Amino acid sequence: MSIQVFGIQVSRGVAIGRAVLVASSRVDVAHYYIAAADVPQEIERLRLARNAVADELEVLKADMPPEAPHELAALLDVHLMLLHDETVIAATKNWVRDRHYNAEWALSAQLEVLARQFDEMEDPYLRERKADVEQVVERMLRELTQIAPGVPTTPAAGAVPPASGNGGAGPGQAAGVASAAAPVWRGAVVATPAAARDFAGEDPLVLVAADVSPADMLQFKRSVFTGFVTDVGGRTSHTAIVARSMDIPAVVGAREASRLIRQDDWVVIDGDTGVVVVNPPPIVLEEYRFRQRQSELERARLARLRNTPAVTLDGHVVELLANIELPGDADTALAAGAMGVGLFRTEFLFMNRGGALPDEDEQYEAYREAVQAMRGLPVTIRTVDVGADKPLERAGAAEARHDHGLNPALGLRAIRWSLAEPGMFRQQLRAILRAAAHGPVQVLVPMVAHFGEIHAIQEAIARARQQLGDAGKAQGSVTVGAMIEVPAAAVVISRFLRHFDFVSVGTNDLIQYTLAIDRADEAVSHLYDPWHPAVLALLQQVIAAAATAGKPVSVCGEMAGDATFTELLLSFGLRSFSMHPSCIAEVKQRVLRTDTRQLTELQRIALDADAPEAATRTVRGKLRQ
Ligand code: PEP
Ligand code: MG
């Protein structure tokens with residue numbers, strides 16, 4: 001049966017593929033395809049894992065003291081019974097045999113199927129048995145980590161998923177994204193380049209999950225997923241931001257998606273409208289395929305602008321920069337024609353490391369890699385911005401909220417966290433200063449709101465410099481800027497500007513904090529409004545104050561990469577935009593078609609109207625003709 005689920009559009013385009021349901025807690029389970037020849041070995045791994053768990057449970061049962069509650073022994077019996085149940089084991093083997101999933105992926109895929117069946121049971125007693133199946137599967141997954149795959153640690157070249165055996169003709173498009181670097185096994189469906197080539201013509205895959213943390217999302221960057229859907233999240237949640245940087249169609253905040261979509265269903269993700277169509281009828285599928293082709297043609301057309309300088313019709317040169325998450329993204333930035341990196345979100349280097357933070361040398365290597373990859377173009381390295389929906393440990397936004405204080409977005413986040421960890425902060429600053437010896441670097445500090453913080457930042461930089469000098473290590477000069485993302489900083493911008501070389505407006509947070517809307521909360525996402533007059537007034541004020549002070553100003557929030565806002569930001573006097581590399585071409589096209597002398601009316605209406613989006617629509621439409 002075909003159904004539709006509605007969510008929030010994150011990145012454009014249409015993805016069509018088979019659903020891979022991943023439970024948030026099992027995102028770190030290895031997912032990869034095995035070669036046909038390795039199926040027997042993989043099934044053997046399952047058998048060994050099952051036997052090991054059965055032995056473990058038998059020992060537990062035998063060692064049970066007589067005074068232990070009777071229910072405990074009964075529970076172990078249930079688990080033993082499940083271990084031998086065909087719906088668990090035989091069906092799991094089928095995923096290995098028919099779809100060539102590795103054992104861990106097959107087990108978690110089958111668990112999702114069973115969990116759904118339990119959820120639908122009327123009888124509460126039976127419904128609760130879901131927890132037992134989960135526990136048994138968890139034990140087996142743990143056991144599997146001890147049993148090395150029979151295949152080499154990388155799948156054999158040419159390992160291919162078999163043709164679909166579950167009905168429904170595939171859309172026949174390439175699954176496409178290959179990891180050029182060493183494969184990341186944990187948590188992502190990955191492919192060696194050789195294997196990826198062989199995916200061509202096979203069913204593409206889309207990821208469906210209740211919640212995925214930003215760090216986990218990053219792992220999917222090198223995966224073969226062609227789209228993704230999550231139940232939670234807002235348009236500018238960090239999970240959505242990482243998804244957008246992957247440049248694949250995505251929908252977040254689709255609430256019931258992971259409950260309504262089943263493992264292996266055909267799913268259309270419409271990243272333009274936020275609609276997810278499950279098992280579409282052929283005529284609907286055909287329409288989406290048509291749209292998919294159209295958007296690919298449009299992208300190819302825009303890609304031709306790569307080497308064209310971004311200059312308005314009346315001769316204003318506009319700097320289009322890239323936002324990156326990892327040093328390796330610098331290549332994508334260059335390929336998209338970025339004139340530098342306007343925002344390197346370094347916190348992604350700090351996540352999911354089991355509490356061990358990267359040391360100075362490791363950070364230095366990462367920053368140096370980005371600086372050298374940009375070949376003399378400036379790289380703006382933001383000091384770590386953890387907290388809120390970017391916890392250091394693995395957790396989804398909902399868990400993070402629960403684990404990290406009452407309201408983590410208002411808590412120990414970004415520069416507040418860095419100043420609370422002065423040793424760590426200086427370590428990062430030393431690594432950045434060392435990387436600056438290899439090319440132009442700007443240091444950007446997130447979430448500055450207090451004058452006391454400014455002095456603490458200056459002191460930390462001075463000490464880091466001195467420590468490097470004492471250690472005889474090479475360092476380069478840097479300029480230091482503040483992110484303007486707390487309304488307090490925007491209100492006193494002229495005074496802030498006295499202390500910094502440049503500022504960059506983080507509109508994602510500026511909107512969140514101005515409107516008191518948690519950017520990661522889909523329940524209030526309809527109120528997250530970049531067009532709110534207060535937001536526009538603050539933006540205009542910051543850009544104008546920077547011009548008066550003669551200091552560079554950039555916007556690096558999602559507004560900068562949304563071509564809907566290009567003319568308006570130009571009308572405010574903005575000449576530097578930083579965005580996902582995939583947005584550069586479209587924004588550039590807008591810049592090339594704009595004559596800033598014709599923007600007076602647009603700016604006036606935008607700043608005067610109660611509802612600027614509606615009020616400026618006609619003017620914006622005319623400008624685009
Ligand atoms: C912002 O807040 O606009 C920004 C660019 O930073 P982040 O999205 O990482 O919070
Ligand atoms: Mg921010």
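About 70 Å³ of space lies in the second largest cavity, a cavity being a set of points, on a 1 Å grid over the protein atoms alone, where a 1.4 Å probe fits but cannot get out. The volume is the space filled by probe spheres set on the points, which are joined across faces, edges and corners. R345, R382, M483, E485 and N508 are the closest to its centre, out of 14 lining residues (an atom within 4 Å of a point).

This is a predicted model: local features need pLDDT of at least 70, side-chain atom pairs count only at pLDDT 80 or more, and totals for linings use all residues. Residues are numbered from 1 along each chain, and side-chain values use heavy atoms, without hydrogens and water.

What sits in the second largest cavity? Ligand 1 does, in that more than half of its atoms lie within 2 Å of the grid points.

Now the contacts, meaning N or O pairs within 3.5 Å. From oxygen atoms of ligand 1, a polar side-chain atom of R519 lies 2.7 Å away, and one of H238 2.9 Å. T507 has a backbone N or O atom 3.1 Å from a ligand oxygen. Taken alone, ligand 1 exposes 280 Å², and the protein buries 100% of that (Shrake-Rupley, 1.4 Å probe).

The shell around ligand 1 has eight charged residues (Asp, Glu, Lys and Arg), along with five polar and four nonpolar ones. Helix 19 (507-515) supplies at least two shell residues, as do helix 8 (238-246) and strand 12 (341-345). Helix 19's share, three residues, is the largest. Strand 12 and helix 19 also each give at least two residues to the cavity lining.

Terms used
Chains lettered and ligands numbered in written order. Polar contact = N/O pair within 3.5 Å; in protein donor to acceptor, adjacent residues only side chain to side chain. 1 Å grid on protein atoms, 1.4 Å probe; cavity = no way out; pocket = protein on both sides within 12 Å on 5 of 7 lines; lining within 4 Å. Helix = DSSP H or I, 4+ residues; strand = E, 2+ residues; numbered from the N terminus.
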